Structures are given as C-alpha cells and as structure tokens.
Amino acid sequence: MDEKAPILSLPSEPRSFGFFVEGAWLDAGDRKIMERESPAHEVPVTRIPLCTAADLDRAVTAARAAFEDRRWSGLSGAERAAVLSKAAAGIRARVDELAYWETLENGKPIAQSRGEVEGAAGIYDYAAGAARMLHGDTFNNLGDKMLGLVTREPIGVVGLITPWNFPFFILSERVPFVLAAGCTIVAKPSEFTSATSLIMADILADAGLPAGVYNVVPGLGAEVGQAMTEHADIDMVSFTGSSRVGRSAIQAASGNFKKLGLELGGKNPQIVFADADLDDAADGVAFGLAFNTGQCCVSGSRLVVEASIADDFTARLSEKLAKVRVGDPLDPATQVGAITTDAQNATILDYIAAGQAAGATLVTGGASIDRGKGRFIAPTLFAGVTRDMTIAREEIFGPVLSVFPFATPDEAIAIANDTNYGLAASIWTKDIDKAIQTSRRVQAGRVWVNCTITGGPELPIGGFKQSGWGRETGIYGVEEYTQIKSVHIELGKRDPWIA
Ligand code: TXE
C-alpha cells in the first residue's frame, strides 16, 4: 500500500459496455441497461447491457461450435499454455484499468483491487503450466495382448456464474483452468460487477484465444443465470454464490444431468488457543473479519477462543478493529471500503439488529458509518452469543463476528463443526500437535494455521458439507473440467469367439 499516492478521481461519465460473443463485441441495442453506481460514491460508473436468454443461446451456440471443431481443444497443452501466459502479461499490462473498474463497481479499496488483479495474473501463469501437466494414466499390466489408457478430455462447454464480492479474482480462479483443460466458456458475471469480466474478453482475444472460446453474457441471475443452469447444450456450470441459488441450480441442472461445481457460503471458525501468539492472532482475526467488508465466502465470522484468554483477546481485537481504516475505496490508504449492494447492506444491518434482539452483547461496531455518501459498516463484534442464535448460524456476509469461548480442544472442535457449512477454518496456536490434530478434525475444505485468507493457485479451494461441490484451482481444479475415458487396445490377432 502506498499511503502517499493520490486519491483517484471518479470517471467523468459512466463507461458503456457491450457483450462479447464469437470473438466480437455486440452493442446493447434495445436491451435494458444496468446503470451501476459506485457503492462508495453513489455516482453512475458503468452501463451494462442486460442480456436475454436468446443472447445466451447465441453465446452457447458459439461456444459449442468452437468446442466441436477443436479450434481450442485440438491444440497442444504447450499452445494453450502460450495463450494463457500472454493473457497473464495482458492482465499485468492493464492492472490499473482493471483495478479501477473493479473498485468502482464493487466498492473495495483500490490497493486491494490491484493486489487481486496482480494475483489473478499469477493464476494464469500457474494454469499455463497446468495445461502442459494435464495427463491421464496407462495400464501396462493387462497382459501382452492388451494396453489400457485412461485419457482426460475437456468436458465441453462450461458456463460460469460468478458473484460480486471478488468479480475478477473468482473469474480468474476458474477461466484459466477451464481453458487449460481445453473447454470453451460462456461467462455470466454478477449484474452488479460485470466490467472486469468484459474487459477480460479483450485481454484473452489479444493473447490469441480463438473466437468463440470465451464469451460473456452479462445479465440478471433470474434470467441469464437460470437459463444457463437449465441449458441443454451446456455440459458443466461452475456456480459461485448463495446456497439458496446453489440449491436451485442443482434442480435446474438435472434436465441434461450437467455437472455442477458449486462454491457456496461459509460460517468459518477462527479457533484461537491460549498458547497462540495473541498479537498475531488478533491481527489475523481482525483481517479475516474485516477484509472485503466481510463479504468473503471464507470470512472468519465465528471466533472460537479458549475461555482463559477470551476477555483479554476480545479486548485486543476491539482495539485492532478500531484502527481499521474504513473509507473511500479510491484512496490508496483505505483498508476497508463500501458494502457492495443495497440489499447486502440491509441484510448485514438486519443481522446486527437480530443479534441485539436475541440478547448478544455488542462489544464494538454495530452501526453504519456515515460518510455523507455510500454504504459503510463498522467492523462489529458480539460476545454472549449462543450457538442457536441466527447470527451464530447464518452466513452474514458482512463484518460481523460472534465470540464463543471453549474450555477444551474437544469443545473447540464441537463448536467449530456445529454448522451446515464447511468452507474454511483458521487455527491459531504455537503447539504443533494441537495445530495438526485440530486441522484434521475440523470439517472444512480449506484450513489455515496461524494465518487466514491466504494462499495461491497451487492449492485447491472448495467446501465440505453445504459449502459446495468440487474444487477449483490447483491441478484438481483443471481435472474438474475434464472427463475420463478408458481405452482398451487389443494387440495382435483376436482370440476368435466364433470357431
Ligand atoms: O447471491 P446470488 P446474492 C451469499 C452471501 C450473500 C448472499 C446473497 O451470503 O449475502 O449469497 O448474495 C446469479 N440461477 N454469497 O444475492 O443471488 C447472480 O446473478 C442462476 C456467497 O448476490 O447467489 C450472480 O451472478 N444464477 C458468495 C450469482 O448468481 C443466479 C458470493 C450470485 O448471486 C440465479 C456471493 C439463478 N436463479 C454471495 N439468481 C460466495 N460463496 O462467495 C442469481 N444468480
């Protein structure tokens, strides 16, 4: 973060986008337009066409044709890798632009947006390697007359439905892996944050991606998203969003039995043992709570803390939270920006009210921050929370943390696992036995020890229980976008069946 860098200015007028199909930009025409206001500044920043189900059909037709004629899947891994590496360079060349529009549509701090865009370029680099690593298996133990091959083939046309909390980063945790596998894509970004998914179309085209391989159809979830999950000519949908829509996607996908990848909600524990480095732990818990205003599927929203240090730790944490710089996301010094949507803002405030009404004790925060314009909520800490309260059970998707003291490691595990979700967990201790034993027993797809919300594309991401299906990123992530074929090859003359 460069605290002396100037505060960026707002655009003089909103930037207008078309949509991208078969390697070409199409005008909005008479389609409805979503005029997106900056959540922090309440001025219009982008104008995005709301595509229709017919537009989706057109994009699926293009993606299908591009898949069937093998213009992409027929290339070698090395050739696909070359395009992905150029895309990484293309992202790096446009970091400022991508970060700017991401911040304007989403409300996250510009320094964070830059970090996410740079991180995304690194994911393309990693996936370029994965395109060359992808391989199957052989069975040379079937006798002299038989050779068995297990080959991986791209699954086909993949639909991507992405959310508004990390528009570019989540897209980038999927697109390069789908492409590495040899599939073609129709992407539907969140209607609130479509700009960077659209800009990516130019970056991929400039990198040499053939027409029709990456198509973007912005639009409403209920219209384009729903049509995508139902679509008979899409082979797989990767959906990231609410558990409610994830559940409906399972039903919608049943028409053609399409494969689904689902990354849904979380209610992630931060387990702090008394022997942790408490300063590190307090800093990490504060970050895990307030980062991206808590609008993270892996946000640490339940503090499970050893009873002997609970009061001291809660006090330390409050002190840290009071120092978090919440403010103008265009200011490079800001750490926490605006709440992305009106609906999310109302949801978070409703949960805070529900916590108070249920008798939880508000330790810090608990209200909007008035900056004249925009939606901001102070990082909020509740003590005296019982495990049956709504704030203890439901994903809030905002900077609201509930504290649960525990007496024994068994109790810590019981509290941590007392949720339908299983996305992530963090463990803070300097005792190696406790760290490993707790990480084994906690039900979560991602576990962090003495850190939180960190990592690279090498390790897969995804959830246990109702947090989702499948994995993204890592070699596991590429494999999700393939299907397996077994090939039996008989050698020499066949043993006759008919004498
Ligand atoms: O999500 P939606 P919302 C959680 C979080 C948040 C809540 C609601 O708890 O408070 O979800 O957020 C598209 N068929 N997460 O309402 O609606 C939609 O257009 C197909 C967790 O914004 O699930 C967008 O592209 N698609 C989370 C995407 O789904 C549909 C990230 C997500 O929107 C659709 C976001 C439909 N019927 C929210 N309806 C995470 N895991 O990171 C909507 N969509």
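**Exercise 1. Find which residues Arg 36 touches, leaving out those up to four places away in sequence.**

Solution. Start with the element. Arg 36 sits in strand β4, residues 33–37. Helices (H or I, at least four residues) and strands (E, at least two) are DSSP runs, numbered from the N terminus. Next, list the partners. Beyond four places in sequence, Arg 36 touches Val 43, Pro 44, Val 45, Thr 46, Glu 105, Phe 192, Thr 340 and Arg 375. Contact means heavy atoms within 4.5 Å. Then check burial. Arg 36 is buried, at a relative accessible area of 6%. Buried means under 20% relative accessible area, exposed over 50%, partly exposed in between (1.4 Å probe, protein chains only). Last, take a distance. Arg 15 is 21 residues from Arg 36 in sequence, and their C-alpha atoms are 9.8 Å apart.

The model is predicted: local features need pLDDT of at least 70, side-chain atom pairs count only at pLDDT 80 or more, and totals for chains, interfaces and linings use all residues. Residues are numbered from 1 along each chain as its sequence is written, and side-chain values use heavy atoms, with hydrogens and water left out.

**Exercise 2. Which loops hold Glu 22 and Phe 397, and is each residue buried or partly exposed?**

Solution. Take Glu 22. The loop between β2 (19–21) and β3 (24–26) holds it. Glu 22 is not a glycine, yet its phi is positive, about 55°. With 37% relative accessibility, Glu 22 is partly exposed.

Turn to Phe 397. This residue lies in the loop joining α13 (390–393) and β17 (400–406). Phe 397 also has a positive phi, about 60°, although it is not a glycine. Phe 397 is buried, at 16% relative accessible area.

**Exercise 3. Locate Asp 370 and decide whether it is buried or exposed.**

Solution. Asp 370 is in the loop between β15 (361–364) and β16 (380–383). Its relative accessible area is 72%, so Asp 370 is exposed. Ala 59 lies 311 residues away along the chain, with 43 Å between the two C-alpha atoms.

**Exercise 4. Describe the domains and how they meet.**

Solution. Domain 1 covers 15–264 + 467–485, and domain 2 covers 268–449. These bounds come from an automatic or database domain assignment. The C-alpha centres of the two domains are 31 Å apart.

**Exercise 5. Summarise the whole protein.**

Solution. Count the elements: 16 helices and 21 strands. The radius of gyration is 24 Å, close to the 23 Å of the globule rule for 499 residues, so the protein is as compact as a globular protein of that length. That radius is taken over C-alpha atoms; the rule is 2.2 Å times the number of residues to the power 0.38. The C-alpha atoms fill a box of roughly 85 × 60 × 40 Å along the principal axes. Buried residues make up 55% of the 499. Among contacts with a separation of 6 or more, 74% join residues 24 or more positions apart.
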